[in-house]
Amino acid sequence: MKRNHLFFLCGLALAAAALIFTGCASTQQASGSKLWAQNCTRCHNNRSPASFSEAQWEVALTHMRIRANLTAEEHKAILDFLKTANN
Amino acid sequence: MTKRQAAITALSLALSGAGGMVFGQAAPNDQFVSKEEYNKLLQRYEQLEKHVAEIMRKSAGVSMPQASATPPTNYVSQAVFDELKKEVEETHSMAKNSFLGTTKMNLTGYGSASFISQNHISQEHGGDRKFNAQFNPLFLWKLSDKVFFEGEMEFELSGANTIVNWEQAHLSYLANDYVTLDAGKFLNPMNSYVERFHMAWVNRLPDQPLAVYDGLLPETLMGAQIRGGVPLGPTKFNYSIFAANSFPLSSDNNGMLDFGNFDNLGQNFIGGGHVGFLPIPQLEIGYGMMMGQVDGDAGNPTALFQSADLNFVQDSEALRGLLRLNAQWVWSHVGGYAYTGQDPFHNSRDGGYAQISYRPNKWGSPFLSKLEPVFRFDTLRQKDTPDNTDESRYTLGMNYWFGPMTVLKFAYQFDHNNGGVGHNAWLMQFATGF
């Protein structure tokens with residue numbers, strides 16, 4: 001039983017590793033929209049930028065900066081994107 | 001002169017006078033000006049000429065913008081203008097943030113309605129067949145650019161009563177780009193499932209996995225933490241380090257801990273942390289641990305908790321959709337302790353889950369793009385403890401997404417309980433985030 005679980009987890013890890021090389025991009029110089037897609041989708045579906053006002057996004061993004069361990073740079077880029085895309 | 005000659009002369013004079021009178025009346029006045037009028041017009045002309053000369057002299061000092069290589073000195077460049085604009089905006093923002101009563105608050109959260117129907121229901125072996133509902137409002141309060149508060153309540157039905165839980169209430173201080181200080185009651189940072197995926201609209205299945213939720217690790221901690229994310233070239237890692245109140249051993253004397261008790265009667269603390277590494281944005285591999293003395297009537301044994309997690313998400317054309325892989329394994333060990341009414345036992349347990357889901361959002365079908373098949377394996381192994389069970393479950397689910405935050409979930413669960421009774425179950429949940 002223990003061995004089966006180990007094989008199962010190893011299989012998952014290998015599948016993930018194989019998928020990594022099917023089309024991945026560097027984190028460097030990522031735009032706000034790209035960072036938004038990458039960081040938010042990691043846990044949940046992305047809500048429409050229009051669903052919040054600029055003031056609401058400021059609060060929500062600060063919350064996510066803490067919860068998702070975003071750097072200040074990532075936080076700013078995503079917030080700038082959402083503020084311009086929510087019209 | 002004869003009378004006849006005198007009469008002719010008089011007639012001629014009379015005719016010439018009458019003619020002159022006639023011609024004098026017929027000549028139009030607007031074709032001729034008097035000397036006086038002429039002088040007046042001349043004077044006006046000279047005034048206008050001076051006026052035009054004055055205008056031309058003044059306008060000679062202002063140059064019109066021209067397409068030349070060197071911009072005129074009395075014009076600022078676009079870059080300088082943008083910089084000035086930015087400075088003005090920043091100053092405006094700083095001034096605005098310094099006002100009393102301008103903090104920003106946001107009410108979000110989630111709610112769900114669930115149904116479960118298990119088989120083999122009996123008083124002896126348990127089991128459920130019922131509807132349930134839950135509501136979790138989340139209060140987010142940005143007090144300034146540096147200070148943030150998060151509070152969460154949970155309203156849950158239990159029998160005839162409504163249970164109200166204080167899930168979270170913590171204050172954060174964003175010290176710099178990579179460090180956030182946080183204190184209060186917060187989600188357990190070493191438990192990636194709880195921190196990231198336990199919310200009803202985020203969790204892909206109607207129920208929670210064994211071991212990681214309401215199992216071997218606490219969901220929340222009362223204490224303080226330091227956390228953040230740091231880029232490392234093209235990769236990134238995140239971290240959290242915390243100290244929190246310890247927990248008492250359960251009164252059941254089965255070696256479990258009562259994670260819902262924050263009284264810290266034994267005056268002990270636990271410490272730990274979590275580190276996550278992202279070699280690429282789509283993949284995160286994490287490890288967390290927590291250690292400290294726990295409170296018991298017969299002593300304070302040392303407990304060690306560990307967790308390893310892997311989370312991968314890929315939304316690509318090649319996959320024609322979005323694929324998620326989530327896995328976490330946790331270990332719990334409580335050191336030697338004399339439990340009342342129990343023979344000595346090795347108090348070690350472990351368990352975890354692995355889950356895969358796929359959202360076919362690039363097949364060109366609006367209906368298909370709303371579906372999401374899910375499979376999860378989860379297990380809790382505690383055969384060596386007084387609980388004497390190893391439970392494993394295989395759950396197959398299908399979700400229908402009404403929107404990015406509203407989902408209807410159906411699932412069937414196969415339950416194998418080595419040492420107990422397995423309850424296969426139909427599960428359903430309607431969940432929304434707001």
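What share of the contacts in chain A with a separation of 6 or more comes from residues 24 or more positions apart? The share is 68%. Two residues are in contact here if their C-beta atoms, placed from the backbone, lie within 7 Å.

This is a predicted model: local features need pLDDT of at least 70, side-chain atom pairs count only at pLDDT 80 or more, and totals for chains, interfaces and linings use all residues. Residues are numbered from 1 along each chain as its sequence is written, while chains are lettered from A and ligands numbered from 1 in the order in which they are written.

Start with chain A. Its secondary structure comes to four helices and zero strands, and the pattern along the sequence reads α-α-α-α. Helices (H or I, at least four residues) and strands (E, at least two) are DSSP runs, numbered from the N terminus. Of the 87 residues in chain A, 26% are buried. A residue is buried if 20 or more other C-beta atoms lie within 10 Å of its own, exposed if 12 or fewer, and partly exposed in between, with C-beta atoms placed from the backbone. In α2(A), the buried residues are Leu35(A), Trp36(A), Gln38(A) and Asn39(A). They pack against α4 of chain A.

Now chain B. It has four helices and 16 strands. Buried residues make up 30% of its 434 residues. Among its contacts between residues at least 6 apart in sequence, 55% join residues at least 24 apart.

Next, the cores. A nonpolar core is a set of buried Ala, Val, Leu, Ile, Met, Phe, Trp, Tyr and Cys residues joined through C-beta atoms within 7 Å. The largest has 39 residues, and those touching the most other members are Ala211(B), Val212(B), Leu257(B), Val294(B), Val330(B) and Tyr353(B). Elements giving two or more residues to this core include β7 (235-245), β8 (269-280) and β12 (348-359) of chain B. β11(B) gives the most, with six residues. A second, separate core of nine residues includes Leu35(A), Trp57(A), Leu70(A) and Leu79(A).

Finally, the two chains meet. The contact takes 36 residues from chain A and 43 residues from chain B. On the chain A side, α1 (2-20), α2 (32-41), α3 (54-67) and α4 (72-85) each give two or more residues. The largest share, nine residues, comes from α3(A). By class, this side has 16 nonpolar, 15 polar and five charged residues. Ala, Val, Leu, Ile, Met, Phe, Trp, Tyr, Cys and Pro count as nonpolar, Asp, Glu, Lys and Arg as charged, and the others, Gly among them, as polar.
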